[in-house]
Amino acid sequence: SGWAPMPVPPRLKELVPTAERTAVTWRHTFDNPGADWFKPEFDAGAWKEGPAGFGTALTPGAETRTEWNTSDIWIRRTFTLRAVPAGSVQLLIHHDEDAEVYINGVLAARLPGYTTEYENVELGAAARAALKTGSNTLAAHCRQTGGGQYIDVGVVEAVER
């Protein structure tokens, strides 16, 4: 008694699913694709296709569906928005180790180190402004230096309850 009520956390609406519950197909390469690999107009047609998450077995908190055991991986996929989200837009990401994520060619996050579970990362203003109705491109690069390795990325909208 006498305590303020706990705030109700927002509901997370999935815009781009992660590998936590389902196999999501991405294009990926283990070879450095050079400049502009993260831009929507880049042709990744020669890249392999496979389901996320990408990594090695026994990486903590990982749902590995495609083996990645080299030093680097670059991944891309497109997703469709019926409308630009009105709420807070966040990445839902699990990375081991250093990751950078782009939306429509705009840097959305540079994340050093690693996580052992999925975490929410708020999109900056530029990445948020890059979202558009229709087709969008999500691209990520992850670098491995030691221990377990994993990358999986989704996008969620925080909606008031």
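Between which two strands is the loop that holds glutamine 144 found? In this predicted model, glutamine 144 sits in the loop that runs between strand S11 (134–143) and strand S12 (150–159), and the sections below place that loop within the chain as a whole.

## The chain as a whole

Along its principal axes, the C-alpha trace spans about 60 × 35 × 25 Å.

Of the 161 residues in the chain, 46% are buried, and the accessible surface comes to about 8,500 Å², with 51% of that surface belonging to carbon and sulfur atoms. Among contacts between residues at least 6 apart in sequence, 76% join residues that are at least 24 apart. The chain carries 15 positive and 20 negative side chains, and the centres of these two sets lie 8 Å apart.

When neighbours within four places in sequence are left aside, the contacts of glutamine 144 are with Trp68, Thr70, Ser71, Asp96, Glu97 and Gln149.

## Two further buried residues

Threonine 18 belongs to the loop between strand S1 (11–16) and strand S2 (24–29), and with a relative accessible area of 3% it is buried. Its side chain makes a polar contact of 3.2 Å with the side chain of glutamate 20. Although threonine 18 and tyrosine 118 are 100 residues apart in sequence, their C-alpha atoms are 9.3 Å apart in space, and Tyr118 is one of the residues that threonine 18 touches, together with Val24, Leu92, Asp152, Val153 and Gly154, not counting residues up to four places away in sequence.

Isoleucine 75, by contrast, is placed in a strand, namely S6 (residues 72–81), and it is buried with a relative accessible area of 1%. Its C-alpha atom is separated by 6.7 Å from that of threonine 29, which is 46 residues away along the chain. Beyond residues up to four places away in sequence, isoleucine 75 touches several others, including Trp26, Trp37, Trp47, Phe54, Leu138 and Ile151.

Most residues other than glycine have a negative phi, and most peptide bonds are trans. The bond joining alanine 52 and glycine 53 is cis, with omega about -5°, and glycine 53 lies in the loop between strand S3 (48–52) and strand S4 (54–55). A cis peptide bond also leads from aspartate 96 to glutamate 97, with omega near 20°, and glutamate 97 is found in the loop between strand S7 (88–96) and strand S8 (99–103).

Aspartate 36, which lies in the loop between S2 and S3, has a positive phi near 70° and counts as partly exposed at 37% relative accessibility. Leucine 58, in the loop between S4 and strand S5 (66–67), has a positive phi of about 75° although it is not a glycine, and leucine 58 is exposed, with a relative accessible area of 85%.

Methods: Residues numbered from 1 in each chain as written. Predicted model: local features only at pLDDT ≥ 70, side-chain atom pairs only at ≥ 80, totals over all residues. Heavy atoms only, no water. Buried < 20%, exposed > 50% of the residue type's maximum accessible area, 1.4 Å probe, protein only. Contact = heavy atoms within 4.5 Å. Areas by Shrake-Rupley, 256 points an atom, 1.4 Å probe, with all protein chains shown as cover. Lys, Arg positive; Asp, Glu negative; His and termini not counted. Charge placed at Lys NZ, Arg CZ, Asp CG, Glu CD. Helix = DSSP H or I, 4+ residues; strand = E, 2+ residues; numbered from the N terminus. Polar contact = N/O pair within 3.5 Å; in protein donor to acceptor, adjacent residues only side chain to side chain.
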